[in-house]
Amino acid sequence: MAWGFCSPFVALFATFGVWPVFSSLSMSVTDITSRDVRTPFSVNFVGLDNYSALFADPTFVRAVLNTLYFVAVGIPLTMVIALALAVALNSGIRRAKALFRVGYFAPVVTSIVAVAVVWRYLYKPDGMINSALAAIGIHGPDWLNDPHWSMPALILMAVWRHFGIPMVIFLAGLQSVPAELHEAARMDGATRWRAFRSITLPLLRPTTLIVAILLSISYLQFFEEPFVMTSGGPLDSTVSISYYAYRQFGFGNYGLASAASYVLVTAIALLSFVQFRIFRAKV
Amino acid sequence: MFRPQAVRTLVVGLAAALLLTGCGRTDSKQGQGSAGAPIDSSPATGDIAVWAMGTEGELLPKLAARFEKANPDARVKVTAVPWQDYGKKVETAIASGDTPDATLVGSADLATFATTGGLEQVPPKLVDDSAFYPGAVQSSAFEGARYGVPWYVETRCLFYRKDMARAAGMSPPKTWDDYRPFLKALQKEGAKWGLSLPTGAAQSWQSVLPFMWQAGARLMNENKSEFTFDTPEALTGLRFYQSFFASKTVSPNGPVSLGEIEPEFVAGSTAALISGPWEQGLLKSAGGASFVDDKVGIAPLPAGPASNASYVGSGQWAVFQNAENREGAWKFIRWMARPDSQTAWYELSGDLPAVQSAWNAGKIATDPALAVFRSQLKTAQPGPTAARWKQVTAVFDAEIEKVAKGVSSPEEALHRIQAKASTIGTGDQR
Amino acid sequence: MATMTARTVPADRAAGAPRSTRTARTLLYGTLILGLLATLAPFAWMFLGSVKPTGEIVAHPSTWLPDSPTLVNFDRLLSKQNFGLYFFNSSLVAMACVMGNLLFCSMAGYALAKIEFAGKRVLFSLVLTMLIIPGVTTFVPLFVLVSNMGLSNSYLGLILPFLVTPLGVFLMRQFVHDIPDSLVEAARLDGAGEVRTFLSVILPLCRPALATLAILTFLAQWNNFLWPLVVAQTEEHYTLPVALALFSVGANGTNYGLLLAGAVTVVTPIILLFLVLQKHFIQGIANTGIK
């Protein structure tokens, strides 16, 4: 019976999901390149050579560090913004809720290519962001050409593009927090902040877990922003693991590229595991 | 909840992977596409499925209609493919064996596709090599065989603000020594930067290699088995490239994306750039037709110690090993390389003919801007054609960026390029 | 838990709000409006840019409002003869994937959450593992597979690989997992089989999760570029993003006017979809009385 429910999914999933993963996993332990695509079985088994070659490449090490930087700053920032907005929209205001909701969600649905054009203009040395900064007396950097500012610029753009979905998920979570609990706490003299911290946040833990995992999956795969905005530059400051793998695929080094992807998979698995630990521990 | 199972899954996967790959490499040259039988001169028949990119793909059916008139039993089925990521499309098609008969290929990608073994060699005596510009023929050769037939060519010349040069009383530079006074004079006329050069963004090599060639460098050895970047000539070229940044005539933060430089050129904040024939169209849409007529001058690249060599790119036609109608495809390609078809295509698309004699008649023979490109084409060269060249270009672009931004010296950069290029190797199997 | 069906009431709506709260709220509105403007600015630039001639889009310094507004970009885009077809293809592929994900993923999610069976944990951990594999990794093998099945250049080739997603199963399983067992058991006691239970108890309760999944799936498929580019061998099977890249991105330059007009065309249907579904998307969870 249970397999009856699962069978359509399992059939499709095994064919189009699991099988290609096995193929690519096997590619990562061979020396396969684009030369071999017509005869994929006559390649040499090289064990973990691809993996050691990766960590011997300073560009890859840089890509790992860049990805960690992006994740470590990007995920908390996105979650805080999403949660703050969700709380404000849920209980702070009464009017125009739908308008705010749709407005704040809009960046999620824009296509990255068009958005890239816009953001490149925003980030020009004399662009709109720097004009805004100049108005409050700050001399803005040349965002995309300065190796120190290129990553913050991409993080900002990624946060803008991504906070909509977590915001909506948090909103849904918040609406399931019974208002009576809150009111009871307020009656007992708790401040708003205390009530939020001791009632709302714990009840939101399952929601937070889902949000954290969804974000880690997409942020660790950090690819589109460097792809359309910086091509990994300046001076490799925005090369990510995904972008590195993509480039290696482009060079035809399929073995190496697959290996890079599985380093990424391992990182995602580790991070998800840690999050499970943190958020599930107290439930 | 998912720890032990996930680990087990991974282990099982790895075991399966090991089983799958216990086959080993044979000694045969699986990369080489073989040469097929010669093509006869009878009319083509059957359906011919071809891929062409971007505007070429949109316009090709008009040219193909003429071919169909001459070959009534043949039908050309054109699929227009976006330029964006087209390489991925071609490579995955080859990997699966699921290809059309022929495809248009950018010359810089030809070697990459040929290494897969998915392309057929050009049949013997299909076309006359000496009819094309030599630079275009050069980029169709790979591992001693030919995989593409040149269709159109492009090369890079100097675009400058004619009005600003006139106001400064300067004529465009003819030699390396003329560059600096010319650019400084344009800067006095109000330009922030005299010239725009790429500084490490993708394809920067296409603009930097010419400086090395102009100094007399050859970037591969005689038998094309090794890269040779570590030469005095290459160093002269790279030092000259660096001198633009030292003299503050070129911005160390060059354009990263397409379409970034045109508005600055129109606004006059950058007074010159090095670009190809398409630039006129881009400048027209950014600044209007009168801007191009009144304010844009085009000149050949200034000469270095050895030459004024520029980069040549080309669109080439290649036929897939898995083609169902290889005869028809080659016949169509042969027809497109005829001088009259080439002229017709120029009139349809504005793409410059790869066949030299196609330049002798009509509008193309008299247009002054095209005359500049024509003279530049005579000495223009393609990048090295090697299986791993694309990978070397990534190294090259990264090191170039360090030179432009003053992070490393030309000497250090060349050493590193050479070292990494030697490690990567040409990837050729001969 | 199931009895907690209280509707959420903003905390200080009941009592007449004191003045300090009112000031705070005005401040909050101000901040929200500013944030909204900042969030929508790039968006506005895109819409305004789509009605500018290309020269004006790239002009330096750039402006917000078009000097000479024009519909020429849309005109050129829509006059491409097959535009209707590309739109149809995109809709067909996206809707089919949405349907597939809603049906198959909720079925599998239900089984994984509420039925005990051999192999369940292995299956779920496989799903979790697949959830984290980036698409670029499996791209080439997946295409070789689809092509060997004879599905390249067909709607099936565009749809089948995305008809179920690990993310869909994960979301549905998590959601169904939180539905109280008592509801399921009550249905079973009433003599309902698994199918009846699924259709009449689980699915209605899953509406918010289904809406979420529908939007995420639609979004991903509607914007998918690389897969349709590679699978569609002829223009009859092109989707909107592929066609837009064809028209607007050249080898050496980009037509920004067409690009922005195309982006507006692609984005508008999704905004409409979100407007229609957002109630389910957000409010459902509270109404179901769980968690």
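Colleagues, the model is predicted: local features need pLDDT of at least 70, side-chain atom pairs count only at pLDDT 80 or more, and totals for chains, interfaces and linings use all residues. Residues are numbered from 1 along each chain as its sequence is written, with chains lettered from A and ligands numbered from 1 in the order in which they are written.

I begin with chain B. Chain B holds 18 helices and eleven strands; these are DSSP runs numbered from the N terminus, helices being H or I of at least four residues and strands E of at least two. With a radius of gyration of 24 Å, close to the 22 Å that the globule rule gives for 430 residues, chain B is as compact as a globular protein of that length. That radius is taken over C-alpha atoms, and the rule is 2.2 Å times the number of residues to the power 0.38. The C-alpha trace of chain B spans about 70 × 65 × 50 Å along its principal axes. Of the 430 residues in chain B, 55% are buried. Buried means that 20 or more other C-beta atoms, placed from the backbone, lie within 10 Å of the residue's own; 12 or fewer is exposed, and in between is partly exposed. Among contacts in chain B between residues at least 6 apart in sequence, 78% join residues at least 24 apart. A contact requires C-beta atoms, placed from the backbone, within 7 Å.

Let me turn to two covered helices. In helix 3 of chain B, residues 86-96, nine of the eleven residues are buried, including B:Y86, B:K89 and B:E91. Their cover includes strands 1, 2 and 3 and helix 4 of chain B, together with helix 6 and helix 12 of chain C. Just after helix 3 of chain B, B:G97 takes a positive phi of about 75°. Helix 14 of chain B, residues 339-349, has B:S341, B:Q342, B:T343 and B:W345 as its buried residues. Helix 2, helix 13 and strand 11 of chain B are among the elements that cover them.

Next, one helix pair. How do helix 17 and helix 18 of chain B cross? Their axes come within 10 Å and cross at roughly 165°. Axes here are lines fitted to C-alpha atoms over the stretch in contact, with angles from 0 to 180 degrees between N-to-C directions. The crossing angle makes helix 17 of chain B roughly antiparallel to helix 18 of chain B; that term applies over 145 degrees, with under 35 roughly parallel, 65 to 115 roughly perpendicular and the rest oblique. Members of this contact include B:V392, B:F396 and B:E399 of helix 17 of chain B and B:A413, B:R416 and B:I417 of helix 18 of chain B. By class, the contact has nine nonpolar, one polar and four charged residues. Ala, Val, Leu, Ile, Met, Phe, Trp, Tyr, Cys and Pro count as nonpolar, Asp, Glu, Lys and Arg as charged, and the others, Gly among them, as polar.

Finally, the interface. Chain C and chain A each give 69 residues to their contact. On the chain C side, the largest share, 16 residues, comes from helix 14 of chain C. That side of chain C divides into 57 nonpolar, nine polar and three charged residues.
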